[in-house]
Amino acid sequence: MASHGLAYDGCNFFRQRLVLSTLSGKRVKIKNIRSKDDNPGLRDFEASLIRLLDKVTNGSIIEINQTGTVLFYQPGLLYGGSVEHDCNLQRSVGYYLEALLMLAPFMKTSLKATLRGVTNDPRDPTVDMLKSTALPLMKKFGIDGEGFDLKVVKRGMAPGGGGEVVFTCPVRRTIRPVQLTDPAKIKRIRGVAYSVRVSPQMANRIVESARGVLNQFIPDIYIYTDHMKGANSGKSPGFGLTLVAETLNGSFLSAEMSSMPQGQGDPKLPEDLGRDCAKLLLEEVHRGGCVDSSNQSLALLLMTLGQQDVSKVLLGPLSPYTIEFLRHIRDFFQLMFKIEVQKPSEDERKGGDKVLMTCVGVGYSNINKTIK
């Protein structure tokens, strides 16, 4: 591989490449971005992500050719501070937040990011889900403190958006290695059923049908209803449900569904949405592991960046996104994981096959943080 950084083809895994490039300081050139498409080049939501990265870094060099099919990115230093960003409405705020979660601990100054746009849509992880699963996961790696928070100020459903989220994160000098190998049993289920610009009754109907499924398994279930009114309810109607199952060891597995955006696809009854989401949660519990499928890559990244010591995490079956992420970690950090498949025995009823991921961290330390 030449010294001028890494070269990739196509628009896939765009975020992974930019985030890892920013952390490793390696330049990236991505070409043939939708070059065969009728509408070639970067989409607006990708351009919006690049602008966000530019806001949290200092001295990044970004070059895009005229058609938008070639991007050259030379990362600057992660600066942080107070940032405001209007996310493109094609993707939800979760798309941008997932990238920020990976970068935030390594800034020079604590990050306070105000993101506006779509907070809940069927495509990306919603803000509620990241708050209830990604943040507790990061705490296990020692990213914690008073200023570690994610607040939903306003909800905005697709397609109109109008939501607002504030994410604050303290900086860390190093990341501590973890051993998360025993997920233990599920002790309780929590959730949020939200409704905006529809009858508040919708949320109650969702809760009732979700409980109908989950009450067969566990008594400790509490699903909040969140009905935002007036200016805080964004620009489009919609409703949805985020469910989180917490284990005895403090691991979180989650599932979620939101209604289809107005005018797209067949509308779904709140009863069906509640029931389907509960089944999705059961499926996620069946997959199991200490981290749910939507946060696998975050866990693997933090393991990679940990101090030079062994980290182990037990995951459910790896998602295709995670598998690609492992390849990118190998490219940017020259780090390979040891992967062991564990098949549960028939009588254990432990769900699907698990994968034990082991690595020695690269000893990444935050070069931006001045030592007092």
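Tutor: A residue counts as buried when its relative accessible area is under 20%, as exposed when over 50%, and as partly exposed in between (1.4 Å probe, protein chains only). This is a predicted model, in which local features need pLDDT of at least 70 and side-chain atom pairs pLDDT 80 or more, while totals for chains, interfaces and linings use all residues. Residues are numbered from 1 along each chain as its sequence is written, and side-chain values use heavy atoms, without hydrogens and water.

Student: Which residues of helix H1 are buried?

Tutor: Helices (H or I, at least four residues) and strands (E, at least two) are DSSP runs, numbered from the N terminus. The buried set is Phe14, Arg15, Gln16, Arg17, Leu18, Val19, Leu20, Ser21, Thr22 and Leu23. Gly25 follows H1 and has a positive phi, near 75 degrees.

Student: How should I read the two faces of a strand, and which residues of E14 point one way and which the other?

Tutor: In a regular strand, side chains alternate between the two faces of the sheet. In E14, Gly238, Gly240, Thr242, Val244 and Glu246 point one way, whereas Phe239, Leu241, Leu243, Ala245 and Thr247 point the other way.

Student: Which strand pairs with E14 over 10 bridges?

Tutor: Strands of a sheet pair through backbone hydrogen bonds, either parallel or antiparallel; here pairing requires that DSSP find at least two bridges between two strands. E14 pairs with E12 (residues 186-196) in the antiparallel sense over 10 bridges, and Arg188 stands opposite Glu246 of E14. E14 is also joined to E15 (residues 252-258) by seven bridges, again antiparallel, with Ala245 opposite Leu253 of E15. E14 and E15 form a hairpin with four residues between them, and Gly250 in that turn has a positive phi of about 80 degrees.

Student: In what order do the four strands of the open sheet lie?

Tutor: The order is E11-E16-E18-E17, with mixed pairing. E11 (179-180) and E17 (338-342) are the edge strands, each pairing on one side only. Five bridges join E17 to E18 (residues 354-360) in an antiparallel run, and Glu340 has Leu356 of E18 as its bridge partner.

Student: How many cavities of 30 Å³ or more does a search of the whole structure find?

Tutor: A cavity is a set of points on a 1 Å grid over the protein atoms alone where a 1.4 Å probe fits but cannot get out, and lining residues have an atom within 4 Å of a point. The search finds one cavity of 30 Å³ or more. The largest cavity holds about 80 Å³ of space, a volume being the space filled by probe spheres set on grid points joined across faces, edges and corners. Its lining includes Gly250, Ser251 and Phe252, and helix H4 (residues 127-140) gives the largest share, four residues. Domain 2 (186-287) and domain 3 (291-360), with bounds from an automatic or database assignment, both contribute to the lining, so the largest cavity lies between them.

Student: How many disulfides are found?

Tutor: A disulfide is a pair of cysteine sulfur atoms within 2.5 Å, and the search of the whole structure finds zero. The sulfur of Cys359 is 15 Å from the closest cysteine sulfur, in Cys290, too far for a bond. Cys359 is buried at 4% relative accessibility, and Cys277 is buried at 0% relative accessible area.

How values were computed. On a 1 Å grid over the protein atoms alone, a cavity is a set of points where a 1.4 Å probe fits but cannot get out, and a pocket is an open set with protein on both sides within 12 Å along at least five of seven lines; lining residues have an atom within 4 Å of a point.
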